[in-house]
Amino acid sequence: MRRFMSQAISEVGKGVKRARRIWLLLSSTSLLVVFGLAFVMLLMVVIIAGNDDTEAVSQEVSAINISPEVERYRLLVEVACRENGIPECIDVILAMIMQESGGSVPDVMQSSESMGLPPNTISDPAVSIQAGVKYFAAGYKRALAEGKKNPKETAIQGYNFGAGFIPFAIKNDGGWTAENAVEFARIQSHGQKRVGGNRDGQWAYGDQLYVQHVMVYLQANTGATDGKIVGGAGSVTVEKAISTGSTIVGKSPYVWGGGRSQSDINRHRFDCSSFVRWCYATAGVELGPLSSTTTDTLVKKGKSISAKDMKRGDLVFFDTYKVNGHVGIYLGDGNFINDNSSHGVWIDSMDNVYWKSTFKGVVRRVTE
């Protein structure tokens, strides 16, 4: 019996040793697997980052008007564009995101409706980008294959109007023109026009200036002085104020409470109200004391103007963190120059989802 117990204990001991060796082997193997997977993932990142093919992306347009909030989606956009065979459209898609949402909502490309869903149903930016790029790519490829001109513009307008615009534009003019965009909107709206807001007088269907609005984000930060971003000129005073502000588009950070000393002005450190004051001060129009001008004081300057009558140089106010909490200078053609916390001095579209939702029609004319 004692011999049997001794043998049993011995076998148990051997079993424990074998189990320990097996456990150590499995542990080592697991660690090797984990480290191996980590190494492979790291290697993939390096390969992707260093892939020379990235340099092959078309630089036909320079998307330097893309905000940091939208720029962060560049990799997702690049992947989606490559998957859909349109790597040359990466900057175009980013510009469309600027126009559609400014990166302010999860459905960054407002793709829900193209999938037959209610607006803003999509809650994942990656899903929105995948769906939006796929929809755009189908129109773009058709415009390339069947059209004779402006394939990108045709697809851009088709993204807003719907795919039916693309064969319409190709049949009538070989591709998008500003004129056939207006005509398509007239037909689809059954001759009904919008009343009120910054699109007053347009046909009540989609955005017939969608291409022009998107193209704002594909142009250099030269402000409004080259005539490409906005329409007709205002008075000499207005043009001087806008020209001054345009010199620092993309070059001036937003600083809460900034712009209220000469030192800040010299360094171009403004917030929204001090920026507007500075622009007009250089044009000879004083909108208030250097140290105490705010949106609350600016909204009392000049005279109130109906939103449908606003023109270049008018001050436009937005309900952001408070009523009339943000201000900019209207440029015409649905655009305004402003200093905002997202990207400093910038030119934005009033049709952008965020600005459109916060603009309540408050407009002041401070000079003729």
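Is R142 buried, partly exposed or exposed? R142 is partly exposed, because its relative accessible area is 37%, and the class covers the range between buried (under 20% relative accessible area) and exposed (over 50%), with a 1.4 Å probe and protein chains only.

The model on display is predicted: local features need pLDDT of at least 70, side-chain atom pairs count only at pLDDT 80 or more, and totals for chains, interfaces and linings use all residues. Residues are numbered from 1 along each chain as its sequence is written, and side-chain values use heavy atoms, with hydrogens and water left out.

Helices (H or I, at least four residues) and strands (E, at least two) are DSSP runs, numbered from the N terminus. An α-helix has 3.6 residues a turn, so residues three or four places apart point the same way. E146 is also partly exposed, at 44% relative accessibility.

**Second stop: K303 and E368**

Select K303 and E368 next. A salt bridge joins their side chains at 3.3 Å, N to O. This pair links distant parts of the chain, 65 residues apart: K303 is in strand β1 (residues 303-305), and E368 is in the segment after β6 (359-365). K303 counts as partly exposed, at 42% relative accessibility.

Now select D314 and R365, whose closest N and O atoms are 2.9 Å apart in a salt bridge. D314 lies in the loop between β1 and β2 (315-318) and R365 in strand β6, so the pair ties together parts that are 51 residues apart in sequence. D314 is buried, with a relative accessible area of 1%, and R365 is likewise buried, at 12% relative accessibility.

Select E71, R74 and D91, which are linked in a network of salt bridges. The count of salt bridges comes to 15.

**Last stop: helix α12**

Finally, select residues 272-282, which make up helix α12. Nine of its 11 residues are buried, leaving the helix mostly covered; among them are F275, R277, W278 and Y280. Beyond α12, select G284, which follows the helix and has a positive phi near 90 degrees.

Notes
Salt bridge = Lys/Arg side-chain N within 4 Å of Asp/Glu carboxyl O.
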